[in-house]
Amino acid sequence: MSKKMISGLLAMMALSVSMAQGGTISIVDLPAIGTDGAIDISIDKIYTHTFDFGANAPVTINGVAFEQGPTASLSSVYTGTSSWGYGYTIDDTRRPVNIPVHAGPSDAPADGSSNGLFMDFIYHSGGPVGDGTILTLSDLTAGITYSMRWYYGPFGIGEGRVITFEADGESNGIFSDTIELSLDTGGAHYLDYTFTADDTDVTLRFITHNDNQSAHIYGLSNEVIELPSLASGPNPVDGAEDVPRDVVISWQPGIFAPAINGHKVYFGESFDDVNDAIGGIAQDANSYTPPQRLDFGTTYYWRVDEVNAPPDSTVFEGDVWSFTTEPVGYPIAGENITATASSTHLADTGPENTINGSGLDVNDLHSTEATDMWLSGDEPNGAWIEYELDKVYKLHQMWVWNHNGTMESVLGFGLKDVTIEYSTNGTNYTTLGTTHEFARAPGAVDYAHNTVDLSGVTAKYVRLTTNSNWGNILDQYGLSEVRFFSIPVFAREPSPDSGTTDVAVDVTLGFRAGREADKHDVYLSTDEQAVIDGNAPVTTVTETSSGPLSLDLGKTYYWKINEANDAETPTTWQGDLWSFTTADFFAVDDFEDYNDYPPDEIWATWIDGYGVQTNGATVGYPTPNWNQGEHYVETTTIHGGDQSMPFFYDNTGTATYSEAERTFAVPQDWTKAGVQTLVLYFQGSPGNTGQLYVEVNGSKVPYPGDAADIVRPRWKQWNIDIASLGLNLQSVTTMAIGIDGSGATGILYVDDIRLYRLAPEIVVPSDEIWIEAEAADTIGASWRIYDDPASSGGRHIGSDVGDGDDNDTVPGAEWVAAYNFDAVGGVYKILLRVQEFGSDSFWVRIPGATSQTHEDPDQPGTGWVRFNEIDAPDKWAWDEVHSNDSDPENEVVNWTLPAGANTLEIAKREEGVLLDIIVISKID
């Protein structure tokens with residue numbers, strides 16, 4: 001985005017775009033003769049901090065004094081703490097070069113112009129293009145809105161100098177501004193970045209793009225534009241339902257509320273009373289406990305006014321919030337009920353219709369469709385229908401929709417006099433009161449239920465026996481629907497949810513208590529049956545949580561809560577069985593938390609050999625191309641997540657080894673949770689030499705595998721038995737990765753350093769053939785062989801631009817490279833290390849294959865596959881042989897090969913594609 005300034009423009013123009021954290025950017029052109037008012041700094045606003053970059057006394061702009069910033073130069077990170085208690089850090093990616101600071105006048109001129117601010121600035125006019133000044137704000141408060149302002153412009157006549165502004169990291173977008181004005185003729189730009197914090201840190205960065213013509217940063221200010229003066233963050237959330245009756249309401253206090261009587265709470269069942277501020281109660285804490293337990297199923301309204309301390313005692317009126325308390329009973333889902341009956345009139349009028357919701361609309365009103373109901377056969381002595389629940393419940397109510405057919409007003413199949421019996425075991429039944437009369441249904445649509453009070457009886461079976469129907473004409477009886485409601489005496493809402501995986505080993509179990517419980521027996525074990533039978537270890541708690549626990553990695557745990565109260569009948573309610581699985585590993589380092597800004601660069605944690613003559617290691621890319629999306633870390637060659645660590649080593653000259661070491665600020669315990677194995681993943685590069693090793697607390701472990709593993713550009717899993725280290729693994733303070741060997745050089749990628757109880761099995765391919773492309777048994781005369789240190793073995797083959805394009809015709813023998821290999825037999829795929837150089841396809845076939853999953857449709861019967869859309873546009877990359885001719889498109893091709901000798905043929909299709917390594921892998 002570029003903006004031009006017309007000289008003498010007196011009005012400011014602003015443009016906003018969406019950015020990170022829900023923020024916006026506005027860029028404003030200042031007039032050639034700036035004024036304090038024009039730059040919009042006012043003593044009427046509240047600033048968290050302001051500072052200038054000059055060495056003189058603080059500049060005062062429109063009554064706002066700017067703090068002292070860096071003085072002579074920015075030769076190191078400049079840090080401070082704002083007046084609101086959060087930190088800020090200023091740095092520059094050109095360090096350790098000293099960044100000059102220009103000291104302007106000590107105060108703004110009397111005429112009110114902004115030159116006093118604009119004459120104090122950080123020079124940013126030299127050094128590498130693509131570097132910038134970085135501002136990091138830390139210890140922010142999530143949910144508060146901040147606005148950061150930068151004043152900037154070139155010094156000297158501008159020539160379209162471009163600045164890029166990054167808000168909270170490149171992943172959240174980039175905004176560029178072209179400056180075509182200069183301080184010599186007056187005027188500048190300012191940029192506002194306004195955002196609502198979603199975490200504690202935000203990083204803002206100016207990147208310069210013009211060699212020796214980059215912008216100068218004049219100063220900045222930071223204003224909290226939405227101070228939380230009102231109460232916010234209600235708990236329960238506004239509109240919440242199913243809230244416990246003993247709830248304690250709470251909120252986030254306003255920033256000005258004093259510790260004594262800082263809150264006035266209005267609470268009750270009347271919206272009008274709360275809205276009109278009737279009956280407020282002063283509170284010190286930002287929470288309120290209602291004086292008695294709330295009613296069931298009732299909506300309550302509440303509001304909190306924040307009240308300033310005397311003498312002003314300003315009241316910030318809060319919003320009205322609401323919540324609805326839990327009902328007395330909860331419906332039992334129909335799928336947890338089995339219905340049986342003494343008889344059924346027709347196959348589609350069975351008893352299951354009374355529990356499956358058929359015929360009910362969203363308002364629980366019933367239809368008149370006969371197939372949505374139960375109707376018995378001819379039963380002169382009366383019929384019965386019974387409901388078996390999935391477990392014993394404490395029952396609150398039964399809703400009954402009587403038979404509601406269109407002829408109900410005439411025939412009266414609906415139940416009239418009914419005996420209700422209940423049982424916990426299906427053998428011994430108790431009658432509920434005397435007989436009950438179910439109201440007659442109208443035989444019309446939109447029919448509502450009747451309610452039967454079950455009075456909290458304990459039952460698994462409920463039987464309805466009909467003594468009469470409403471018509472007294474035919475000996476048939478029917479119902480439309482029945483729904484049971486239970487009192488929640490069981491523990492529920494487990495945390496973590498049942499079936500959750502990757503649970504932390506120090507998890508604290510949580511749950512919602514059963515209504516009558518005064519203690520909770522927590523059964524937990526890896527033995528499912530032991531938990532079911534109640535033979536697992538049990539812990540009795542009075543709170544609705546248990547933990548933190550100390551569990552093992554990679555195990556499935558079963559648990560249940562038995563709710564108990566000796567004063568109730570029954571005294572114990574058996575809980576449901578829940579489960580969760582703990583994470584397989586602890587991450588020592590997954591390399592996901594590093595970025596391009598201090599102090600989070602990868603080399604700030606993994607200390608390499610920079611500046612150490614004997615250590616030839618460096619980690620991270622020293623000069624990434626920011627505009628091309630590059631970073632200090634590797635983002636393409638990764639094992640898991642989005643990042644890995646590039647490890648460069650060079651054991652030549654004075655360097656005798658290469659090593660990067662991480663020191664843990666808090667010593668790590670590598671014995672907890674049954675940890676047994678340290679695992680790391682690495683990938684080599686062609687041409688690598690040397691001996692890989694890992695060092696823990698100074699104890700070195702050489703890599704025991706094939707020396708060629710650091711050459712092969714494929715991820716390799718290295719398992720290390722930590723017991724073999726012979727160390728105090730309860731206090732691990734350092735870990736290093738290194739390469740030994742005089743003269744060893746190369747680059748290694750490292751990712752996902754983990755601790756396992758049971759490490760994943762290292763899968764060794766039963767048949768994997770690696771072939772250097774230039775080592776063909778026969779190679780057509782037109783192929784070209786190239787020397788390239790980035791290639792495996794320093795060489796590769798390919799075709800050059802201008803070698804022609806064969807389209808859908810396979811080229812002649814001069815363009816075929818053949819590779820003989822032995823296979824154990826089975827299904828195989830082919831992986832190539834390739835690079836595009838103008839085009840993106842080869843021809844590939846194995847003539848002796850007994851079958852293959854795809855063949856080019858223009859070459860039927862030949863076995864040739866048109867391997868196109870190779871994904872390696874600008875550097876060497878691995879890609880599996882596939883074709884967009886296949887269905888589905890780009891499906892990887894599989895060949896079924898006989899045991900013994902086979903031949904692979906690769907032919908040029910388009911000009912300019914390069915081939916380095918061939919891997920033929922058995923997959924079945």
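## Surface and strand residues

In this predicted model, D139, D198, D199, D201, D593 and D600 form a negative surface patch. One of these residues, D198, sits in the loop that runs between β15 (189-196) and β16 (202-208).

The chain as a whole has five helices and 70 strands. Of its 924 residues, 50% are buried. Among contacts with a separation of 6 or more, 75% are between residues 24 or more positions apart.

| Residue | Strand | Relative accessible area |
|---|---|---|
| Q835 | β61 (residues 826-835) | 16% |
| S699 | β52 (residues 699-702) | 19% |

Q835 counts as buried because its relative accessible area is 16%, and buried means under 20%. Apart from neighbours within four places in sequence, Q835 is in contact with A872, D874, K875, W876, G912, V913 and L914.

Is S699 buried or exposed? S699 is buried, because its relative accessible area of 19% falls under the 20% cut-off. With neighbours within four places in sequence left aside, the contacts of S699 are V694, L725 and L727. S699 and L727 are separated by 28 residues in sequence, and their C-alpha atoms are 7.9 Å apart in space.

Terms used: Residues are numbered from 1 along each chain as its sequence is written. This is a predicted model: local features need pLDDT of at least 70, side-chain atom pairs count only at pLDDT 80 or more; totals for chains, interfaces and linings use all residues. Side-chain values use heavy atoms; hydrogens and water are left out. Patches are made of residues with over 30% relative accessible area and no salt bridge: like charges are joined within 9 Å, nonpolar side chains (Val, Leu, Ile, Met, Phe, Trp, Tyr) within 5 Å. Accessible areas come from the Shrake-Rupley method with a 1.4 Å probe; for residues, only the protein chains shown count as cover. A salt bridge is a side-chain nitrogen of Lys or Arg within 4 Å of a carboxyl oxygen of Asp or Glu. Lys and Arg count as positive and Asp and Glu as negative; His and the chain ends are not counted. The place of a charge is taken as NZ of Lys, CZ of Arg, CG of Asp or CD of Glu. Helices (H or I, at least four residues) and strands (E, at least two) are DSSP runs, numbered from the N terminus. Buried means under 20% relative accessible area, exposed over 50%, partly exposed in between (1.4 Å probe, protein chains only). Contact means heavy atoms within 4.5 Å.
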